[in-house]
Amino acid sequence: MFQTLKAQPADKILSLMQTYKADPRDDKIDLGVGVYKDASGNTPVMRAVKEAERRLVADQTTKAYVGLAGDPAFADAMIDLLLSDTLPRDRIAAIATPGGTGAIRQALEMVKLAAPEATVWISNPTWPNHPSIIKFLRMKVREYRYFDEATRGVDFDGMIADLGTVAEGDVVLLHGCCHNPTGANPTADQWDTIIKTLQDAKAVPLVDVAYQGFGDGLEEDAAATRKIASAFPNLMIAASCSKNFGIYRERTGILMGIARDEAEAKLTQANLNFLNRQNYSFPPDHGARVVTTILTDPALRADWEAELEDTRNTMLDLRQQLADELRRLSNDDRFDFIADHRGMFSRLGTTEDKVETLRADHGIYMVSDSRMNIAGLNAQTVPILAQAIVDAGI
């Protein structure tokens with residue numbers, strides 16, 4: 001059977017990781033993989049996570065399956081974190097998933113179940129796994145303009161023009177905050193226009209929230225998602241706990257389905273449960289229970305929020321340091337966009353050849369489309385990167 005298989009294209013980010021590991025240079029800099037690192041280059045376990053896990057080990061009395069949707073307390077805690085009191089709880093169906101990727105996959109499976117002819121619209125550019133999964137599922141896909149290579153900001157006019165051509169019932173995938181890979185985000189007023197455009201088109205939003213708390217703060221990063229949730233009768237929200245809780249390997253995510261009323265929510269919940277059963281049956285529980293423990297304990301939550309805020313401010317400081325150093329070295333403000341971007345990533349907006357020059361000549365690794373992970377920097381490597389960018393003529 002296996003002789004009929006064809007070679008699959010290598011994942012660019014995973015390939016970059018392997019190339020970085022094989023590079024013998026001591027001064028190499030990894031700005032590729034989307035994992036937070038502290039000043040020492042480590043990805044730490046957060047204090048609140050350590051304590052929550054200690055309690056689970058001490059108190060947990062069973063490893064029996066949870067329900068198909070996962071622990072209801074996890075869903076309640078995550079809905080509160082992301083949506084607060086935006087919607088009545090009885091309008092929201094939810095399932096735990098293996099990470100944010102699992103939530104996206106199940107959301108797309110839900111589209112196939114409910115509206116198999118719908119086209120899924122994605123931003124250009126977007127996280128590479130979005131189009132990869134859509135194409136693997138043999139779904140129709142189109143792109144809307146998003147990033148302006150000249151300004152390194154949102155191409156808002158192009159975005160609205162393209163979203164104005166969305167057909168009724170199509171699904172539009174939006175990044176709720178901290179756009180990956182660009183770091184460029186719409187303003188509050190622009191979000192209002194985006195929502196109005198999609199309402200006029202009678203589209204169904206699918207909001208991907210992978211970095212809540214990494215941009216402008218927990219509440220601020222949820223603002224756009226809450227606006228969208230309050231504006232549509234139906235939508236889906238895929239959220240990840242990998243980044244803001246630092247539990248990457250625990251694969252903890254959630255998919256929420258917003259329905260028109262309680263009856264429709266029950267039907268939606270039954271179908272989400274069905275999709276979980278067809279895929280992995282019962283979702284993983286350890287990470288979800290850690291998150292629930294933190295979010296429902298005032299002291300743990302306060303400590304988690306404080307450490308998350310430190311992480312966010314560290315990345316903002318690195319952004320400002322890099323922008324300032326580039327301005328000093330180039331005597332130009334063309335890199336100020338780095339300080340304006342939010343989240344882990346910024347896209348430099350340069351060519352693959354110059355990205356390769358950074359790797360070959362300076363040992364600086366970033367994705368070929370010039371997406372760099374700001375969290376891969378520290379105070380010592382910021383000047384090195386800035387000089388390399390100037391020397392490469394970016």
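Guide: Contact here means that heavy atoms lie within 4.5 Å of each other, and buried means under 20% relative accessible area. With those terms in hand, and keeping in mind that this is a predicted model, we can turn to α8, whose buried residues pack against α3, β7 (171-175), α7, β8 (204-209), β9 and α11 (298-330). The residues of α8 that count as buried are Leu 218, Asp 221, Ala 222, Ala 224, Thr 225, Arg 226, Ile 228 and Ala 229. An α-helix has 3.6 residues a turn, so residues three or four places apart point the same way. As for its length, helix α8 covers residues 218-231, and because 14 residues at 1.5 Å a residue should span 20 Å, the 21 Å between its end C-alpha atoms agrees with that expectation. The helix α8 also has a kink of about 35°, centred on Ala 224, and Ala 224 is itself one of the buried residues.

Next comes the second largest pocket, which holds about 580 Å³ of space. Of the 27 residues that line this pocket, the closest to its centre are Ala 114, Val 204, Asn 234, Leu 235 and Ile 258. The elements that give two or more residues to the lining are α4 (99-114), α7 (188-201), β9 (235-240), β10 (252-258) and α9 (262-279), and the largest share, five residues, comes from α9. By class, the lining has 18 nonpolar, six polar and three charged residues.

Note on methods
Residues numbered from 1 in each chain as written. Predicted model: local features only at pLDDT ≥ 70, side-chain atom pairs only at ≥ 80, totals over all residues. Heavy atoms only, no water. 1 Å grid on protein atoms, 1.4 Å probe; cavity = no way out; pocket = protein on both sides within 12 Å on 5 of 7 lines; lining within 4 Å. Points joined across faces, edges and corners; volume = space filled by probe spheres on them. Helix = DSSP H or I, 4+ residues; strand = E, 2+ residues; numbered from the N terminus. Nonpolar A, V, L, I, M, F, W, Y, C, P; charged D, E, K, R; others polar. Expected span 1.5 Å × (residues − 1). Bend = angle between axes of the 7 residues up to and from the residue. Buried < 20%, exposed > 50% of the residue type's maximum accessible area, 1.4 Å probe, protein only.
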